[in-house]
Amino acid sequence: MAVILETTLGDLTVDLFTEERPRTCLNFLKLCKTKYYNFCLFHSVQRNFMVQTGDPTGKGRGGESIFCKLYGDQARFFEMETNPRLKHRKVGTVSMVNNGGNMHGSQFLITTREDVDYLDGQHTVFGEVSEGDDVLAKINEAICDNEHRPYQDIRINHTVVLDDPFDDPAGLADHIPDRSPEPTKEQLESGRIGADEAIDDAEGRSQEEVEEMLEEKEAKARTQILEMVGDLPEADVAPPDNVLFVCKLNPVTQDDDLEVIFSRFGEIKCCEVIRDQKTGDSLCYAFVEFEKPEACEEAYFKMDNVLIDDRRIHVDFSQSVSKVWKGGPNAPKGGQKSKFELKDKTKGAGKQYDLILEDEDGDEAGHSKEKGRDADTSQDRRSKDSDSRSRHDKHKKKHRRDSSSSEDDRRHRKKHHKKERDSNTDRTVDRRRRDASSSEDEQRHKKKHRKHDRNSGDESHKKRDRHERDHDRHERDYDRHKHREHRSRSREKDLKHSRHEKHRHKH
């Protein structure tokens, strides 16, 4: 069961899940059969997310089900099917759009990325794109506005039902046309640039106009980049037309000199030579702000390549938007209203700077000329500024001394702690070495003592054994001697007895 959607970019073949979503597939097939989707716009294209169509009005708020044609307005929508649960896992998943209250009409969407799980349960999956992935990729790459509406129309021209397993409801035959109908006037007016209309910006333009158009596009792209990185308050901001940029100045040229030279063209609001913030040396360029743009334009035409202080200067209209940044008269709404800047208050001093807060009108303090200013008041203010600078310098010096002394103390304590740790480490190592040497000496002494005891014990045992052997031998010799003496006595006694017996017998 499949349907071919013939679009202005190519054909999409949709396979339907008729067994899992019978009511939704029946609605979709019968709408295709009645040519309801012919000339419907892809009114929403969200790149790498989904594309949406199915609304004949092309606005995304219309559409009705096939049951509305058969049974009236009470059947304009039908309930979504939730069982079995199908998920938006693949690119090309086709789902019926939820019109609110879990009701469906005619609008459907096609996903252009995988695993769009937050659409699960909100919209009813009833098919998938089986052929035409390249066409779906083209639709996905369409250029759209902020509301995801393509600038050039992408439409469904025709629908072809390849297989329909459902019988036509009663009365549907009256709504099936014999041939594809022509688009209505409302359908044609709902788009923007025609789908078959060629887009060529260079058509009917000369070569110079085309180059100018390309330069404008590049300039706009650069300004948008500067806006994103924070160098411009707005992409469409323009520099003031009453400020003149002067460069190639001699380093000795001062603000007063330029003001006198350029004042012949008109009243000057501000004239400032830009200087290095650290050294106070001139950077050899300046900005001259006139009261009227006409004076600035006249100075531009007459002062270019003029010799000033043995240098031929170059003038041009200023490209700086610092006045706009600072909240001047040309500042955009919501822009920055004030800004801190370092300025040279004393002309020619070179190294004396002060922190100045600019006025909301954009006039820089110390450079704007106010008529009727009281000299005593300005003198008092300068003296107060000098006093405050001197106090500030004293405070900074004191802070530096305190910070340097505290830093020296920290370094000294750190060095002292390091020496103590090193000495403690050395004492610990020496103690361990002494303990190790003493333990080794003690072990050697014990070993020697054990050896001596063993040797002395062996000698005593030998002596004792020798003594016992001598004693035994002595006893044996004594017993042998006593035995011999006893035997000799008994022999003598027997001899005497025998002589006595002989003598007695003789008698």
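In the predicted model, Asp153 and Arg155 are joined by a salt bridge in which the closest N and O atoms are 3.7 Å apart, and both Asp153 and Arg155 are buried. A search of the whole structure finds nine salt bridges. Among them is the bridge between Glu141 and Arg47, whose closest N and O atoms are likewise given as 3.7 Å apart. Because Glu141 lies in the loop between α3 (133–140) and β10 (155–161), and Arg47 in the loop between β4 (44–46) and β5 (50–53), this pair ties together parts that are 94 residues apart in sequence. Glu141 counts as partly exposed, at 46% relative accessibility, and Arg47 also counts as partly exposed, at 46%.

A further salt bridge is formed where the side chains of Glu128 and Lys90 meet, with an N to O distance of 3.2 Å. Glu128 belongs to strand β9 and Lys90 to the loop between β6 (78–79) and β7, so that parts 38 residues apart in sequence are tied together by the pair. With a relative accessibility of 24%, Glu128 counts as partly exposed, as does Lys90 at 47%.

Asp120 is found in the loop between β8 (103–111) and β9 (124–131), and, when its neighbours within four places in sequence are left aside, Asp120 is in contact with Arg85, Leu86, Lys87 and His88.

Strand β7 (residues 93–98) is mostly covered, with six of its six residues buried. This strand runs antiparallel to β9, to which four bridges join it, and Met96 stands opposite Thr124 in β9. Strand β7 also pairs with β8, again in the antiparallel sense and over four bridges, with Asn98 standing opposite His104 in β8. In the hairpin of β7 and β8, four residues lie between the strands, and Gly100 takes a positive phi near 105°.

Aromatic side chains were examined next. The structure holds 13 aromatic pairs, among them a tilted pair of Phe28 and Phe126, with 5.1 Å centre to centre and 55° between the planes. Since Phe28 lies in helix α1 (residues 22–33) and Phe126 in strand β9, the pair ties together parts that are 98 residues apart in sequence. Both Phe28 and Phe126 are buried, and these two residues form one aromatic cluster together with Tyr36, Tyr37 and Phe108.

A second tilted pair is made by Phe245 and Phe287, at 5.6 Å centre to centre and with 55° between the planes. Here Phe245 lies in strand β11 (residues 243–247) and Phe287 in strand β13 (residues 282–290), so the pair ties together parts that are 42 residues apart in sequence. Phe245 counts as partly exposed at 24% relative accessibility, and Phe287 is partly exposed as well, with a relative accessible area of 24%. A charged side chain is also placed against an aromatic ring, in that Arg23 lies over the face of Phe67, at 4.4 Å from the ring centre.

How values were computed:
Residues numbered from 1 in each chain as written. Predicted model: local features only at pLDDT ≥ 70, side-chain atom pairs only at ≥ 80, totals over all residues. Heavy atoms only, no water. Helix = DSSP H or I, 4+ residues; strand = E, 2+ residues; numbered from the N terminus. Contact = heavy atoms within 4.5 Å. Buried < 20%, exposed > 50% of the residue type's maximum accessible area, 1.4 Å probe, protein only. Pairing = 2+ DSSP bridges. Phe/Tyr/Trp six-rings, centres within 6.5 Å; stacked < 30°, edge-to-face > 60°. Lys NZ or Arg CZ within 6 Å of the ring centre and 35° of its normal. Salt bridge = Lys/Arg side-chain N within 4 Å of Asp/Glu carboxyl O.
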